Amino acid sequence: MPASTLPPTLHVSRHPAVLHKLALLRSVETEPKKFRELVREISWLLGYEALADARVSPVPVRTPIEEMEGHRLADRIGLVPILRAGLGMVDAMLELMPTAQVWHLGLFRDERTLRPVEYYNKLPDRATVDLCLILDPMLATGGSATAAIEVLKHWGAARIKLVNLIAAPEGVDAVVRAHPDVEIHTAALDRQLNEKGYIMPGLGDAGDRQFGTSHS
Ligand code: PRP
Ligand code: URA
């Protein structure tokens, strides 16, 4: 995906701290404990960037010196981690947005068809937030992200952003085509998918690396 054709809804972080941590995250030498710490740290930085256009409202503050008008986050935010791998992104996001609600959505990718299968949905009856952030480290074919966005739209979510650590051009294309209104924040846009639907160069299986379930 040449830089000149990047969709306007795609935001690839250029922050040096993100770049530094991402190289450590990708390394095959990185063990699950360190991997989880890095997922958390990069998620915090991406969450910070994704919140840049959130609304604030005035709030009176009394400093030790005088009264002033400060701000508080006005958007009600819903965090939607995609199980399993999105779980590792939740704590960092809650540090940034302590009042956010968390709704879990369980999707796994069928290894043969690469299509997403929904197995868990803990959304409340109605959408009661202004902004939903879907959390998933990997955007590969885009099947899982597109399915999650469809679930959230059907449920009434007005504004949705997707936060990924690594995206493939194929996944970005799929999301942009199906949902041009959804902004995508990612730490990296990689080269392409391999024949098994893994991102190259990527980092391997994000769920297995976080939870120590790699078989190799
Ligand atoms: C991974 C990842 C995404 C999905 C991305 O989950 O966390 O949810 O694959 O692939 P896609 O863009 O082609 O849909 P996986 O299905 O491996 O489940 P897991 O998190 O339980 O390991
Ligand atoms: N899911 C992962 O965890 N990694 C990939 O590279 C693709 C899908």
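1. Start with Trp 44: in this predicted model, its relative accessibility comes out at 32%, so this Trp counts as partly exposed.

2. Where do Trp 44 and Tyr 48 lie? Both belong to helix H2, which covers residues 32-50, and they are 4 residues apart, or about one turn of the helix.

3. A search of the whole structure turns up 3 aromatic pairs. Take the one formed by Trp 44 and Tyr 48: the ring centres are 5.8 Å apart and the planes make an angle of 10 degrees, so this pair is stacked. The cut-off for stacked is under 30 degrees.

4. Now have a look at Trp 103 and Trp 155. Their rings pair edge-to-face, with 4.9 Å from centre to centre and 75 degrees between the planes. This pair links distant parts of the chain, its members being 52 residues apart. Trp 103 sits in the loop between strand S5 (101-102) and strand S6 (105-109), while Trp 155 is in helix H4 (residues 143-155).

5. Are these two Trp residues buried or exposed? Trp 103 has a relative accessible area of 5%, so it is buried. Trp 155, at 12% relative accessibility, counts as buried too.

6. Arg 109 has its charged end over the ring of Tyr 198, at 5.6 Å from the ring centre.

Terms used
Residues are numbered from 1 along each chain as its sequence is written. Chains are lettered from A and ligands numbered from 1 in the order in which they are written. This is a predicted model: local features need pLDDT of at least 70, side-chain atom pairs count only at pLDDT 80 or more; totals for chains, interfaces and linings use all residues. Side-chain values use heavy atoms; hydrogens and water are left out. Rings of Phe, Tyr and Trp (its six-membered ring) pair if their centres lie within 6.5 Å; planes under 30 degrees apart count as stacked, over 60 as edge-to-face and the rest as tilted. Helices (H or I, at least four residues) and strands (E, at least two) are DSSP runs, numbered from the N terminus. Buried means under 20% relative accessible area, exposed over 50%, partly exposed in between (1.4 Å probe, protein chains only). A charge sits over a ring if NZ of Lys or CZ of Arg is within 6 Å of the ring centre and within 35 degrees of the ring normal.
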